[in-house]
Amino acid sequence: FARTSGESFVICNEEHKNSQEKYLSLMSDLREELSQGHVKFAFQPKLNLQTGDVFGAEALIRWISPKHGFVPPDEFITMAEQTGDIKHLTSWALGQIIEQVGKWKKEFPEFLVAVNLSTRDLQNENLPDLLRMITREFEVAPERICLEVTESAVMGDMKRALKILNELADMGFYLSIDDYGTGYSSLAYIKKLPVHELKIDKAFVLNLATSPEDQILVQSTIDLAHNLGMKVTAEGVEDEQSLALLKQYGCDCAQGYFISRPVFVSEFEDFCRD
Ligand code: C2E
Ligand code: CA
Ligand code: CA
Ligand code: CA
């Protein structure tokens, strides 16, 4: 094992070796196909529940590989984190997405576009400088970019993550806690972070219309977040009734298949123009 980049190499059985080799070869395909234009971003509209307007989107990576077919982002992002490829992937992604926001500046000047950061990105002290460079290059105000970080990413090395998040917040970036409710954090913990928004994980939203437990959880999370001065987005809204409930609870924003699936740029623009 010459190329062990991880910390998890205590047990070194055949199965592990095979999966490690599979990772590395998939990552090298990713690098190659990325340079050939097979990796793109889809944009999922975010709806302001008070006004009913689309005010932005979440950018979601799509790798449609000639060799492997559609590879789910959850899968290759996790691998990229383990092999260390995530660093390059994230800086490339930030460049692509922020360039797109720059192109939208004229037609959609108020757009807020969300980018997903991974756990490792929050340990990278160069991230603020990188973001400063990219936003300057494409003349995009940091206020137009939302950075989504998961609660587990923040809880890892809290001190380092906090330093980076504070720097990003000071620069004007909009910060959001993604997948809220799936980790071990509490709002008491999160309120120490300079975040503007909580995103309630889709696990609590998908069955909102029929689950009294989810209704109570979602409603009280919204109230608590508001009392702590945060906005709330619900993801995974798949039906009209859930959307109506969220509106009734005073939830600020919603995202989900009921509003729109993540779609590529031109389809997204059509959606916003309608
Ligand atoms: P996430 O950030 O929690 O993104 C939400 C996921 O829910 C997306 O899956 C989205 O397509 C899906 N989704 C949206 N609306 C609905 C709905 O109404 N119902 C259901 N069932 N699902 C819905 P996707 O695109 O497969 O992404 C999966 C995960 O991969 C993301 O979870 C995020 O953690 C990661 N990811 C995606 N793009 C990027 C990226 O550019 N960078 C990084 N670091 N991670 C990314
Ligand atoms: Ca997200
Ligand atoms: Ca999420
Ligand atoms: Ca997720």
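A polar contact here is a pair of N or O atoms within 3.5 Å; within protein, one must be able to donate a hydrogen and the other to accept it, and residues adjacent in sequence count only if both atoms are side-chain atoms. This is a predicted model, so local features need pLDDT of at least 70 and side-chain atom pairs pLDDT 80 or more, while totals for chains, interfaces and linings use all residues. Residues count from 1 along each chain as written, chains are lettered from A and ligands numbered from 1 in written order, and side-chain values use heavy atoms, without hydrogens or water.

**View 1. Polar contacts of ligand 1.** An oxygen atom of the ligand sits 3.3 Å from a side-chain N or O atom of Asp74. For Asp178, the side-chain N or O atom is 3.0 Å from a ligand oxygen. A ligand nitrogen lies 3.1 Å from a polar backbone atom of Ile61. On its own, ligand 1 exposes 810 Å², and the protein buries 86% of that (Shrake-Rupley method, 1.4 Å probe).

**View 2. A tilted aromatic pair, Trp104 and Phe268.** Their ring centres are 5.2 Å apart and the planes at 45°, so the pair is tilted (centres within 6.5 Å; under 30 degrees stacked, over 60 edge-to-face, the rest tilted; six-membered ring for Trp).
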